[in-house]
Amino acid sequence: MEQPDLNLLRALDVLLEEGSVVGAARRMNLSAPAMSRTLGRIRDTLGDPVFVQAGRKLVPTPRAIALRDQVRAAVEQATQVLSHGQEVDLKTLQRRFNVRANDAFVGIHSGRLLEAMSIHMPQATLRFSPEEDDVDDEALRSGRVDLFISASRKLGPEIRVQPLFTTTVVGLACEDHPIFDDDITPERLTQWRHIGVSRRGKSSGPIDEALAAQGLRRHVALVVSTPYTALFALQDSDLILPLPEHLARGALAAGLRVRMFDFPVSLETVLLTQAWHPRFQSDPAHQWLRRTIRDLCNSSDPKAAGALAGL
């Protein structure tokens, strides 16, 4: 059986990133006709068009989209093999980090993380990947995700895990909401409709379990995928929004017309962790990313509380 030309893997990665033959040719120092011939060889190898014409643009096929993260991971792993023992220059390193991150981290720390990257690793790209239906440790094993930041959960035995910070759930409501007219009890909490935040569309969770233990039930009238959408939906409404305290304080610092209150039911403190596959344990760029994230999460910089100010 004829062995595939591994040079095509690098070419496919660049094509998928650039989305055009001309852009990919420029990146690889090839002429446009040469890049077109390379695309033809990739098509023959995969048995798929890879890109099809849509108006004046080329768009990737479903097969190409499905292969994108796998191709990127394969190229990065090959690069690590070939550069073993060489000192890595972070300032010239062109690399994309796929990070599956909890909204509490993205909302609070992403701005300062990007600021640090612009100084120390300016050619790198940070891509926050949304939660999907795949298993989290499988996403790390396959290379679809380089780093996973989320509430602590059980992962595979080989996955490396590091604690980052803890947070608790508080409530948010408009400044003039009638819930503030009296003591906020579990019973009063359920008198108004709630907003749920879930990337996977879930409308129930630990809050509902805690209320059910007291014979109470809340009405989740709206479920949105991000806390930012929830904060805007909260404006000029009688809705109640449970949110991690770090994000809630960020909303207050941003000047949104909301008030925060302690949640009147007992909820566990949430531990946020970062997790990665052992193949990245000694990778200098990945080490820098993990170390910087850890330092940001342990920083007492007051700007962290205002990270939502860009809303």
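Predicted model: local features only at pLDDT ≥ 70, side-chain atom pairs only at ≥ 80, totals over all residues.
Biologist: Which residues of helix 3 do Leu8, Ala11, Leu12 and Leu15 in helix 1 meet?

Modeller: Those four residues of helix 1 meet Met35, Thr38, Leu39, Arg41, Ile42, Thr45 and Leu46 in helix 3, where contact means heavy atoms within 4.5 Å. The residues of this contact divide into 8 nonpolar, 2 polar and 1 charged; here Ala, Val, Leu, Ile, Met, Phe, Trp, Tyr, Cys and Pro count as nonpolar, Asp, Glu, Lys and Arg as charged, and the others, Gly among them, as polar.

Biologist: At what angle do helix 1 and helix 3 pack?

Modeller: Two packed helices are described by the angle between their axes and the distance between the axes. Helix 1 (residues 7-18) and helix 3 (residues 32-46) pack at about 110°, with their axes 10 Å apart; the axes are lines fitted to C-alpha atoms, for helices over the stretch in contact, and angles run from 0 to 180 degrees between N-to-C directions. The two helices are therefore roughly perpendicular to each other, a label for angles of 65 to 115 degrees, whereas under 35 counts as roughly parallel, over 145 as roughly antiparallel and the rest as oblique.

Biologist: How many helices and strands does the protein chain have?

Modeller: The secondary structure comes to 11 helices and 12 strands, taken as DSSP runs (H or I, at least four residues, for helices; E, at least two, for strands) and numbered from the N terminus. The C-alpha trace spans about 75 × 45 × 35 Å along its principal axes, and 43% of the 311 residues count as buried, that is, under 20% relative accessible area, with exposed over 50% and partly exposed in between (1.4 Å probe, protein chains only). Among contacts between residues at least 6 apart in sequence, 75% join residues at least 24 apart.

Biologist: How is an aromatic pair read?

Modeller: A pair of aromatic rings is described by the distance of the centres and the angle of the planes. Rings of Phe, Tyr and Trp (its six-membered ring) pair if their centres lie within 6.5 Å, and planes under 30 degrees apart count as stacked, over 60 as edge-to-face and the rest as tilted. By this rule there are 3 aromatic pairs. In one of them, the rings of Phe180 and Phe261 have their centres 5.9 Å apart and their planes at 75°, so the pair is edge-to-face. The pair links distant parts of the chain, 81 residues apart, with Phe180 in the loop between strand 7 (169-174) and helix 7 (186-189) and Phe261 in strand 11 (residues 258-262).

Biologist: Are Phe180 and Phe261 buried or exposed?

Modeller: Phe180 is buried, with a relative accessible area of 16%, and Phe261 counts as buried at 6%. Phe261 also forms a stacked pair with Phe263, at 6.3 Å centre to centre and 10° between the planes, and Phe263 is buried at 10%.

Biologist: Which residue lies over the face of Phe180?

Modeller: Arg259 does, at 3.9 Å from the ring centre; a charge sits over a ring if NZ of Lys or CZ of Arg is within 6 Å of the ring centre and within 35 degrees of the ring normal. Arg290 lies over the face of Trp276 at 4.2 Å. Phe180 and Arg259 are also among the residues that Cys174 touches, not counting residues up to four places away in sequence. Cys174 is placed in strand 7 and counts as buried at 6% relative accessibility.

Biologist: What is the phi of Asn29, and what is that of Val50?

Modeller: Most residues other than glycine have a negative phi, and most peptide bonds are trans. Asn29, however, has a positive phi near 60°, and Val50 has a positive phi of about 70°.

Note on methods. Residues numbered from 1 in each chain as written. Heavy atoms only, no water.
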